[in-house]
Amino acid sequence: MRAAGAPDRGSAMNVLMLSGDVVTAQGAHGVFYETLRLLAPHWERIDVVCPGSPGAEPRVVHGNAFVHPLPWHKGLQALTAARAAGALLRERRYDLIVSHDYSIFSNGIAAWWLTRRSGIPYVSEMHHIEGHPRAATRSERVYRRLAALYAPF
C-alpha cells in the first residue's frame with residue numbers, strides 16, 4: 001500500500017543495510033545469512049555494507065543480496081561505512097537504509113548522515129544495549145550511556 005501522494009515505483013525496491021555482521025562476508029551461513037534469505041524475495045536488491053575481517057570478501061547471496069565488506073579497520077566504521085554506502089547511493093536508488101546498531105552506534109551515525117544527504121529514510125535496528133539491564137564493567141556503563149543518548153536521537 002502506498003501513501004497518498006507518494007510516487008508509484010512499482011514493486012521493485014532496493015534496501016541499503018549497514019551491518020556489523022562479518023560472518024556472511026566470510027562465506028558462512030549464520031543467522032544474518034538466513035535473515036537475508038527471508039528478506040531477499042521482498043526486495044529487488046539488498047546491499048549490505050559490513051566491517052572487513054579475515055576471510056571476508058564481496059559476495060552475492062540468495063541471488064540479490066550483495067555483501068560489501070570494508071577494507072578498513074572497524075574503528076573507522078562510521079566514516080568508512082558512510083563513504084562506501086555513499087558510493088552505492090550514487091549507483092542506484094534505494095528506498096530504505098537500515099542500520100544494525102550496537103556499542104558506539106557507528107552504523108546509526110553513518111545512516112543518519114546518509115539520510116541527511118539523500119533524503120532516504122532509515123531505520124535503526126538496535127541489536128544489543130551493552131550494560132542493560134545491569135552493567136558489569138566500566139565499558140558497559142559507557143555503552144549504556146551512549147545508548148541512552150542515541151535512542152531518542
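Which residues form a nonpolar patch on the surface?

1. The patch consists of Ile 104, Val 142, Leu 146 and Leu 149, with about 350 Å² of accessible area together. Patch members have over 30% relative accessible area and no salt bridge; like charges are joined within 9 Å, nonpolar side chains (Val, Leu, Ile, Met, Phe, Trp, Tyr) within 5 Å. A salt bridge is a side-chain nitrogen of Lys or Arg within 4 Å of a carboxyl oxygen of Asp or Glu. Areas come from the Shrake-Rupley method with a 1.4 Å probe; for residues, only the protein chains shown count as cover.

2. This is a predicted model: local features need pLDDT of at least 70, side-chain atom pairs count only at pLDDT 80 or more, and totals for chains, interfaces and linings use all residues. Numbering runs from 1 along each chain as its sequence is written, and side-chain values use heavy atoms, without hydrogens and water.

3. Leu 149 sits in helix H4 (residues 138–150). Helices (H or I, at least four residues) and strands (E, at least two) are DSSP runs, numbered from the N terminus. Leu 149 is exposed, at 65% relative accessible area. Arg 145 is also in H4 and is exposed at 54%. Exposed means over 50%, buried under 20%, partly exposed in between (1.4 Å probe, protein chains only).

4. Strands E5 (residues 96–102) and E6 (residues 122–128) pair in the parallel sense over 6 bridges; pairing takes at least two DSSP bridges. Asp 101 has Met 126 in E6 as its bridge partner.

5. His 62 is not a glycine, yet has a positive phi of about 60°. His 62 lies in the loop between strands E3 (59–61) and E4 (65–69).
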